[in-house]
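The tour begins at one pair of packed elements and then widens to the whole chain.

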Amino acid sequence: MINSGGRETVSMRPSPRGTYLKIADAVRAQIEANDEMTELPTAAELMRVHGVSRGVALRVLGVLQSQGVAEPVPGARWRVVRPGEDTDNRSLAERMAVVITDDDLHVGARFPSTTELSVRFGVSRPTVSKALDKLESAGLLSEARQGKQRTVRALPTGTESPES
(Lines give C-alpha, C1' and ligand atoms only; values in the text may rest on other atoms or scores of the structure.)
Protein backbone atom coordinates (compact mmCIF):
# COMPACT_ATOMS: atom_id res chain seq x y z
CA MET A 1 0.00 0.00 0.00
CA ILE A 2 1.33 3.49 -0.88
CA ASN A 3 0.42 6.39 1.41
CA SER A 4 -0.16 10.01 0.32
CA GLY A 5 3.56 10.80 0.79
CA GLY A 6 4.49 8.18 -1.83
CA ARG A 7 6.01 5.83 0.76
CA GLU A 8 5.15 2.17 1.05
CA THR A 9 3.40 1.16 4.27
CA VAL A 10 2.64 -2.20 5.79
CA SER A 11 -0.96 -3.25 5.36
CA MET A 12 -2.86 -3.40 8.62
CA ARG A 13 -5.02 -6.26 7.34
CA PRO A 14 -4.38 -9.52 9.18
CA SER A 15 -3.10 -12.47 7.22
CA PRO A 16 -5.71 -15.05 6.27
CA ARG A 17 -6.60 -17.54 8.98
CA GLY A 18 -4.77 -20.83 8.56
CA THR A 19 -1.78 -19.41 6.66
CA TYR A 20 0.50 -21.69 8.67
CA LEU A 21 -1.51 -24.74 7.53
CA LYS A 22 -1.13 -23.75 3.88
CA ILE A 23 2.61 -23.32 4.34
CA ALA A 24 2.84 -26.67 6.15
CA ASP A 25 1.03 -28.28 3.19
CA ALA A 26 3.52 -26.69 0.78
CA VAL A 27 6.53 -27.93 2.80
CA ARG A 28 5.00 -31.43 3.07
CA ALA A 29 4.53 -31.42 -0.73
CA GLN A 30 8.24 -30.52 -1.13
CA ILE A 31 9.18 -33.44 1.13
CA GLU A 32 6.99 -35.87 -0.82
CA ALA A 33 8.37 -34.64 -4.15
CA ASN A 34 12.02 -34.90 -3.10
CA ASP A 35 13.13 -38.23 -1.58
CA GLU A 36 16.58 -36.76 -0.89
CA MET A 37 15.27 -33.91 1.28
CA THR A 38 16.52 -34.61 4.81
CA GLU A 39 16.16 -31.20 6.49
CA LEU A 40 13.34 -28.69 6.65
CA PRO A 41 13.77 -25.04 5.77
CA THR A 42 14.75 -22.93 8.79
CA ALA A 43 12.22 -20.64 10.45
CA ALA A 44 14.09 -17.70 8.90
CA GLU A 45 13.76 -19.24 5.42
CA LEU A 46 10.04 -19.85 5.93
CA MET A 47 9.63 -16.25 7.06
CA ARG A 48 11.49 -14.88 4.05
CA VAL A 49 9.91 -17.12 1.39
CA HIS A 50 6.33 -16.90 2.65
CA GLY A 51 6.42 -13.38 4.14
CA VAL A 52 5.22 -14.48 7.58
CA SER A 53 6.25 -13.81 11.17
CA ARG A 54 8.51 -16.04 13.24
CA GLY A 55 5.46 -17.19 15.22
CA VAL A 56 3.76 -18.42 12.04
CA ALA A 57 6.97 -20.15 10.88
CA LEU A 58 7.28 -21.93 14.22
CA ARG A 59 3.64 -23.03 14.01
CA VAL A 60 4.41 -24.54 10.59
CA LEU A 61 7.22 -26.60 12.12
CA GLY A 62 4.94 -27.62 14.99
CA VAL A 63 2.24 -28.82 12.58
CA LEU A 64 4.76 -30.87 10.62
CA GLN A 65 6.00 -32.40 13.88
CA SER A 66 2.47 -33.27 15.03
CA GLN A 67 1.83 -34.92 11.66
CA GLY A 68 4.96 -37.05 12.09
CA VAL A 69 6.67 -35.51 9.06
CA ALA A 70 9.48 -33.75 10.96
CA GLU A 71 11.30 -33.67 14.26
CA PRO A 72 13.51 -31.08 15.92
CA VAL A 73 17.22 -31.75 16.27
CA PRO A 74 18.83 -29.82 19.13
CA GLY A 75 21.44 -27.45 17.76
CA ALA A 76 20.61 -28.26 14.15
CA ARG A 77 17.86 -27.90 11.59
CA TRP A 78 14.62 -29.84 11.78
CA ARG A 79 14.93 -33.34 10.29
CA VAL A 80 12.52 -34.93 7.82
CA VAL A 81 10.91 -38.13 9.15
CA ARG A 82 9.88 -40.65 6.54
CA PRO A 83 7.62 -43.65 7.12
CA GLY A 84 9.53 -46.87 7.73
CA GLU A 85 12.82 -45.10 8.52
CA ASP A 86 14.40 -45.75 11.88
CA THR A 87 15.33 -42.65 13.81
CA ASP A 88 17.71 -42.54 16.75
CA ASN A 89 15.80 -40.89 19.59
CA ARG A 90 18.62 -41.14 22.13
CA SER A 91 20.05 -37.94 23.53
CA LEU A 92 23.21 -36.57 21.97
CA ALA A 93 25.13 -37.39 25.16
CA GLU A 94 24.00 -41.04 24.93
CA ARG A 95 25.00 -41.23 21.26
CA MET A 96 28.35 -39.62 22.02
CA ALA A 97 29.04 -42.10 24.85
CA VAL A 98 28.74 -44.88 22.26
CA VAL A 99 31.66 -43.27 20.37
CA ILE A 100 33.90 -44.82 23.04
CA THR A 101 32.85 -48.35 22.07
CA ASP A 102 32.28 -47.66 18.35
CA ASP A 103 35.78 -46.21 17.97
CA ASP A 104 37.24 -48.93 20.23
CA LEU A 105 38.65 -46.35 22.66
CA HIS A 106 40.19 -47.42 25.96
CA VAL A 107 40.69 -45.59 29.25
CA GLY A 108 43.26 -42.84 28.66
CA ALA A 109 42.60 -42.64 24.89
CA ARG A 110 42.07 -39.29 23.17
CA PHE A 111 38.35 -38.49 22.69
CA PRO A 112 37.33 -36.76 19.42
CA SER A 113 37.31 -32.95 19.47
CA THR A 114 34.21 -30.79 19.64
CA THR A 115 34.65 -29.91 15.97
CA GLU A 116 34.98 -33.57 14.92
CA LEU A 117 31.88 -34.50 16.93
CA SER A 118 29.94 -31.55 15.52
CA VAL A 119 30.57 -32.80 11.98
CA ARG A 120 29.96 -36.44 12.90
CA PHE A 121 26.57 -35.80 14.51
CA GLY A 122 25.50 -32.86 12.35
CA VAL A 123 24.88 -30.47 15.26
CA SER A 124 26.38 -27.19 16.42
CA ARG A 125 29.53 -26.97 18.52
CA PRO A 126 27.68 -25.44 21.51
CA THR A 127 25.28 -28.40 21.47
CA VAL A 128 28.23 -30.82 21.43
CA SER A 129 29.84 -28.92 24.32
CA LYS A 130 26.71 -29.34 26.45
CA ALA A 131 26.66 -33.08 25.75
CA LEU A 132 30.37 -33.34 26.55
CA ASP A 133 29.72 -31.60 29.88
CA LYS A 134 27.22 -34.35 30.68
CA LEU A 135 29.76 -37.04 29.83
CA GLU A 136 32.32 -35.31 32.04
CA SER A 137 29.78 -35.14 34.90
CA ALA A 138 29.07 -38.84 34.45
CA GLY A 139 32.80 -39.52 34.83
CA LEU A 140 33.30 -40.92 31.32
CA LEU A 141 35.58 -38.13 30.07
CA SER A 142 38.32 -35.95 31.52
CA GLU A 143 37.71 -32.26 31.96
CA ALA A 144 38.42 -30.03 29.00
CA ARG A 145 41.26 -27.58 29.59
CA GLN A 146 42.87 -24.94 27.45
CA GLY A 147 45.14 -26.73 24.98
CA LYS A 148 44.54 -30.16 26.50
CA GLN A 149 42.59 -32.86 24.68
CA ARG A 150 39.77 -34.70 26.47
CA THR A 151 40.49 -38.32 27.26
CA VAL A 152 38.37 -41.32 28.19
CA ARG A 153 38.25 -41.78 32.00
CA ALA A 154 35.83 -44.72 32.12
CA LEU A 155 34.00 -47.03 29.76
CA PRO A 156 30.21 -46.77 29.40
CA THR A 157 28.20 -49.15 31.60
CA GLY A 158 27.99 -52.65 30.17
CA THR A 159 31.23 -52.27 28.23
CA GLU A 160 34.29 -54.26 29.19
CA SER A 161 37.80 -52.99 28.71
CA PRO A 162 39.54 -54.41 25.62
CA GLU A 163 42.46 -55.42 27.85
CA SER A 164 40.31 -57.72 30.05
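Select helices α4 and α6, whose crossing is right-handed (the near helix is turned clockwise from the far one by less than a right angle). Helices are DSSP runs of H or I with at least four residues, strands are runs of E with at least two, and both are numbered from the N terminus. This is a predicted model, in which local features need pLDDT of at least 70, side-chain atom pairs count only at pLDDT 80 or more, and totals for chains, interfaces and linings use all residues. Residues are numbered from 1 along each chain as its sequence is written, and side-chain values use heavy atoms, with hydrogens and water left out.

Helix α4 covers residues 92-102 and helix α6 residues 125-137; their axes (lines fitted to C-alpha atoms over the stretch in contact, with angles from 0 to 180 degrees between N-to-C directions) come within 9 Å and cross at roughly 70 degrees. The two helices are therefore roughly perpendicular (65 to 115 degrees) to each other.

Next, display the side chains in contact (heavy atoms within 4.5 Å): L92, A93, M96 and A97 of α4, with T127, V128, A131, L132, K134 and L135 of α6.

Now show the whole protein chain, which has six helices and two strands. Along the sequence they follow the pattern α-α-α-β-β-α-α-α.

Definitions and conventions. Angles under 35 degrees count as roughly parallel, over 145 as roughly antiparallel, 65 to 115 as roughly perpendicular and the rest as oblique.
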